Amino acid sequence: MPDGFDIKTASVTKKADGYYVNLSLDDKTVPTVKPDFNVDNIIGIDVGLIDFYVGSDNTRIAAPKYLRKAERKLKSAQRKVSRRNKGSNRRKKAIQKLGKQHKKVADTRKDFHFKTANTLLNNYDVVAVEKLNIKGLAVGRLAKSVNDAGWGQFISILSNKAENAGLKVIAVNPNGTSQECSNCGTKVKKPLSQRMHNCPVCYASLCRDLNASINIKNRGAHDLKAQTMSSLRSL
């Protein structure tokens, strides 16, 4: 253990490929990070199933779909488990192999989430996201794709890394971000299959997801400034 560190908590977790020990350390010499972010250096991101996210700066990252890509190997490993006799050593080995395959998918997804969060926080002080009901979205035929994307884990990682760096993640009301025109505010109803936003009032024409991300950014900026003003009034 490094000098000056105190172990606060320790947890042991059993996973498919062995046991893991997680230690929580405390070092009194590490200074507390004070929030000192630029409220104007903000990006809004609209998460989705085609693109993992589309940013208000028109950047986009394709959804990696790790679970979908690994389905053939997972099904093969599952079939081997089914063929083995219950209680046999061969079945135990097959179950262990299946668990390792699932863990590999989960670890790869988590690594992607960390790298994506780093990219955002290296370029922006504030990231605005939608306050999504992920459990409500992960139902029906979209359940597997929503769980594969892992939006909840990503936003949690993003929020934790932002807090540690003295930056900010702000969650906004998601209602109408896709329908509202980011240029003039007109509500333009469109089905999910329609991927372009075409406003009949101001004639703005842009990608549906980009339009949503700009609205998310604008709402985030508004909510953040409202919070700042409220904090100043309370002083």
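A residue is called buried when its relative accessible area is under 20%, exposed when this is over 50%, and partly exposed in between, using a 1.4 Å probe and protein chains only. The structure shown above is a predicted model, in which local features need pLDDT of at least 70 and side-chain atom pairs count only at pLDDT 80 or more, while totals for chains, interfaces and linings use all residues. Residues are numbered from 1 along each chain as its sequence is written, and side-chain values use heavy atoms, with hydrogens and water left out.

We can start with the overall form. The protein chain holds six helices and nine strands, where helices (H or I, at least four residues) and strands (E, at least two) are DSSP runs numbered from the N terminus. Its radius of gyration is 22 Å, well over the 18 Å that the globule rule gives for 235 residues, so the chain is more spread out than a compact globule. Here the radius is taken over C-alpha atoms, and the globule rule is 2.2 Å times the number of residues to the power 0.38. Along the principal axes, the C-alpha atoms fill a box of roughly 70 × 55 × 25 Å.

Next come the surface and the contacts. Of the 235 residues, 34% count as buried. The chain exposes about 15,000 Å², and carbon and sulfur atoms supply 51% of that area; accessible areas come from the Shrake-Rupley method with a 1.4 Å probe. Among contacts (heavy atoms within 4.5 Å) with a separation of 6 or more, 59% join residues 24 or more positions apart. As for charge, there are 43 positive and 20 negative side chains, and the centres of the two sets lie 15 Å apart. Lys and Arg count as positive and Asp and Glu as negative, with His and the chain ends not counted; each charge is placed at NZ of Lys, CZ of Arg, CG of Asp or CD of Glu.

Most residues other than glycine have a negative phi. Asn58, which is not a glycine, has a positive phi of about 70°. Asn58 sits in the loop between β4 (51–55) and β5 (60–62) and is partly exposed, at 46% relative accessibility. Tyr203 also has a positive phi, near 65°. The loop between β8 (196–198) and β9 (205–207) contains Tyr203, which is exposed because its relative accessibility is 68%.

The loop between β8 and β9 also holds Pro200, an exposed residue at 55% relative accessibility. Pro200 and Val188 are 12 residues apart in sequence, with their C-alpha atoms 8.0 Å apart in space.

The cysteines come next. With a disulfide defined as a pair of cysteine sulfur atoms within 2.5 Å, the count comes to zero. Cys184 is in no disulfide, its nearest cysteine sulfur being that of Cys199, 3.6 Å away. Cys184 is partly exposed, with a relative accessible area of 37%. For Cys202, the closest cysteine sulfur is in Cys184 at 3.6 Å, too far for a bond. Cys202 counts as partly exposed, at 25% relative accessibility.

Finally, Lys15 is found in strand β1 (residues 5–15) and is partly exposed at 40% relative accessibility. Leaving aside neighbours within four places in sequence, Lys15 is in contact with Tyr20 and Lys103. Lys15 and Lys131 are 116 residues apart in sequence and 31 Å apart in space, C-alpha to C-alpha.
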